[in-house]
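Please keep the model open beside you as you read.

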Amino acid sequence: MLPEVGRRRFLIGAAAATTVVLVGCGSPSDDGPGRSGSPTAPRKAVDPVDAPAAGADGDVFTLGVASGDPTTTSVILWTRLASDPTADDGAGGLGDDDIAIAWDLAADADFSRVLASELISAKAAHGHSVHVDAQGLEAGTDYWYRFRYGDQTSTVGRTATLPDGSPDAFGLAVVNCQMYEGGAYGAYRNLVDEDVDLVVHLGDYIYEYPGGEGAGRHSLPNRMLTTVGDYRLRYASYKLDPDLQAAHARFPFVATWDDHEVANNYMGDTVPGDATPEQVEERKAAAYQAWWENMPARLDPPDGPDLAVYRDFTMGDLATLYLLDERQDSAEPPCRDTSTAGLDYGNCDDVDGEDRTRLGADQEAWLADALGGSATRWNLLGNPVVLAGIDAGQDESAFYLDTWDGFPDARKRLIAQLADVDNPVVLTGDYHAGMVLDVHEVPFDQDTPVVAPEFMAPPISSALFDADVTGRTPQLRQQINEYGYLVVAVTPDELTATFRVVDDVADPDTAISTAAVWTVAAGDPIAQQT
């Protein structure tokens, strides 16, 4: 059963326009996102009714639409075709043939001013997903888009390009940790009403565990994910949720991953337990392929167990967002008990025993160059795991060592880089709680300067880590044990972080409220609660 379209879905099911304009460079590349140039004089449109239709029976737009990775002149438009999204092989019921569909871009929600239209191939090798790079757009401008197949029209999505020049303001929503079984997506249902320009997803978009059975929400398949078919099916299960679909249709997203897009606490080519590096690489290759197929990311498809997802986004001279990957090229954490699949939790002398990489050499060099060349007022670090440090022990110190606490030398280098740029602010996910922390020059040392504030977004639906960790974590300013998301409003003079929390994570119609508001004045790294 497919989800019903409810009262707050954004422009679901708009009618197809009768006239479209074919523009750009023709058919998309086999190796990356399809590309369309600037809108030009109208040409004859290609009618998708005449396109090859092998294997496509029933509604093919069951997984919705999305946009992402905007620049000042372009944005990625996404959909993934699936007439049977719960098919156990993850293929979506469309077989092994490529399928031609049309995409349209318009200046208005009614598509009376169509700017671009083109046929594109949804390739079976890519899970019948498409990534259209709509180019030649105006900066800081809203657009509407849709996909068509035969007489079917997808949900209409709204997207926007990034501003250039000197924007007066820019708004972000920060989301993470959305385990399907953990609760409904009422946070997303409320998010569509927020006044933000971009959604930043910091990881754990899916979870790799068996989906379970019985009462409650359950994703497919009911087994641990290992193959590309498994991961495709899991993404389809999540994307059938109408509130997640509505959020993607309402805002452009930029996304990175954390661990559960592959496996709990994976780092580099290791996972807790006895899996070999070769087995982990096979699993990474499958997981990365499915992640790329299901995200509106400006990236070429992966070829094996490597995909560089770190990138940055600049909003004129107001702010730059640096989006990190803290799993793929990381060294193995210290103190890991390789005989079990448990958490990397505790403490040992090896924490300070060697300089282990967190980002990998290429990403660390990229970030140093990007920060070193920054000319924006604010520098926002999209950071999947906590940077400032959390000591979750009681009588003695204990850390989640797959966070930056397990990589003290690499953390010192990163903090030193942040200290050299204007107004750094760290935006974090992963921990299943909302938090406000001070990032000190030396973590846990209150006598060293504060380099940046850190705002941790609460989880969308994953189980809360609600133990009080204030006793051994002096840099923790506030802990918010709630579900929801973080709204960040940036102006030249001030950054405001608002923690939005839902009343009942089990209720998709839940109300939402504000748990806390913190502000950061330009030139002062110490956040103030208002």
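Predicted model: local features only at pLDDT ≥ 70, side-chain atom pairs only at ≥ 80, totals over all residues.

Two strands count as paired if DSSP finds at least two bridges between them.

Strand β16 (residues 378-383) runs parallel to strand β18 (residues 424-428), and five bridges link the two. Look for Leu381: its bridge partner in β18 is Val426. In general, the strands of a sheet pair through backbone hydrogen bonds, either parallel or antiparallel.

Now step back to the whole sheet. It is open and has seven strands, in the order β13-β14-β16-β18-β20-β19-β21, with mixed pairing. Which strands stand at the edges? They are β13 (311-315) and β21 (476-480); each has a single partner strand, so one side of each has no neighbour in the sheet. From one strand to the next, the twist averages 20°.

Two helices pack on this sheet. Helix α5 (residues 361-372) touches β13, β14 (319-323) and β16, and its direction makes about 175° with that of β14. Helix α6 (residues 408-419) touches β16, β18, β19 (434-440) and β20 (450-456), and its direction makes about 105° with that of β20.

Elsewhere, two helices pack against each other. Helix α2 (residues 228-239) meets helix α4 (residues 277-294) at an angle of about 35°, and their axes are 8 Å apart. Their crossing is right-handed. On the α2 side, the contact includes Tyr231, Arg232 and Tyr235, while α4 contributes residues including Arg283, Ala287, Trp291 and Glu293. Sorted by class, this contact has seven nonpolar, two polar and four charged residues.

Finally, the cysteines. How many disulfides does a search of the whole structure find? It finds one, and this disulfide joins Cys335 to Cys348 with an S to S distance of 1.8 Å. The torsion about their S-S bond is about -85°, so the disulfide is left-handed. Cys335 sits in the loop between β14 and β15 (345-346), and Cys348 in the loop between β15 and α5, so the bond ties together parts 13 residues apart in sequence.

| Cysteine | Relative accessible area | Class |
|---|---|---|
| Cys335 | 33% | partly exposed |
| Cys348 | 25% | partly exposed |
| Cys177 | 1% | buried |

Buried means under 20% relative accessible area and exposed means over 50%. Cys177, at 1%, is therefore buried, whereas Cys335 at 33% and Cys348 at 25% are partly exposed.

Key:
Residues numbered from 1 in each chain as written. Heavy atoms only, no water. Axes fitted to C-alpha atoms, helices over the stretch in contact; angles between N-to-C directions. Helix = DSSP H or I, 4+ residues; strand = E, 2+ residues; numbered from the N terminus. Left-handed = near helix turned anticlockwise from the far one by under 90°. Contact = heavy atoms within 4.5 Å. Nonpolar A, V, L, I, M, F, W, Y, C, P; charged D, E, K, R; others polar. Disulfide = S-S within 2.5 Å. Buried < 20%, exposed > 50% of the residue type's maximum accessible area, 1.4 Å probe, protein only.
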